[in-house]
Amino acid sequence: MLPKGDELPVLQGVLLGLSNTAGVLAGVFGTAATGYILQHGSWDDVFKLSVTLYLVGTVIWNLFSTGEKIID
């Protein structure tokens with residue numbers, strides 16, 4: 001993983017903004033979803049959802065990631 005800005009210095013601000021937005025949205029929606037699940041279920045349901053999302057993300061990453069250089 002490269003530090004932000006090393007991927008494409010021209011778009012450093014855009015990359016930083018997108019990554020921070022994704023992190024904040026995950027925190028907001030994750031907290032709300034956890035509260036909703038706990039009102040209607042249990043901690044087991046929360047952890048099952050977390051594991052499912054982790055596995056789906058892992059499969060998508062492995063399907064689409066390559067070692068090819070995309071940007072010169």
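A: Happy to! Helices here are DSSP runs (H or I, at least four residues), strands are runs of E (at least two), and both are numbered from the N terminus. This is a predicted model in which local features need pLDDT of at least 70 and side-chain atom pairs count only at pLDDT 80 or more, while totals for chains, interfaces and linings use all residues. Residues are numbered from 1 along each chain as its sequence is written, and side-chain values use heavy atoms, leaving out hydrogens and water.

An unreviewed UniProt entry lists residues 20–39 and 46–64 as "transmembrane region"; such annotations may be inferred rather than shown by experiment. Residues 20–39 are 100% helix and 0% strand, with end C-alpha atoms 29 Å apart. Residues 46–64 are likewise 100% helix and 0% strand, and there the end C-alpha atoms are 27 Å apart.

Now the meeting itself: the axes of α1 (residues 12–40) and α2 (residues 43–64) come within 8 Å and cross at roughly 140°. Axes are lines fitted to C-alpha atoms over the stretch in contact, with angles from 0 to 180 degrees between N-to-C directions. That makes α1 oblique to α2, since angles under 35 degrees count as roughly parallel, over 145 as roughly antiparallel, 65 to 115 as roughly perpendicular and the rest as oblique. Thr34, Ile37 and Leu38 of α1 make the contact with Trp43, Asp45, Val46 and Leu49 of α2, where contact means heavy atoms within 4.5 Å.

As for Asp45, its C-alpha atom is separated by 9.1 Å from that of Thr34, 11 residues apart along the chain.
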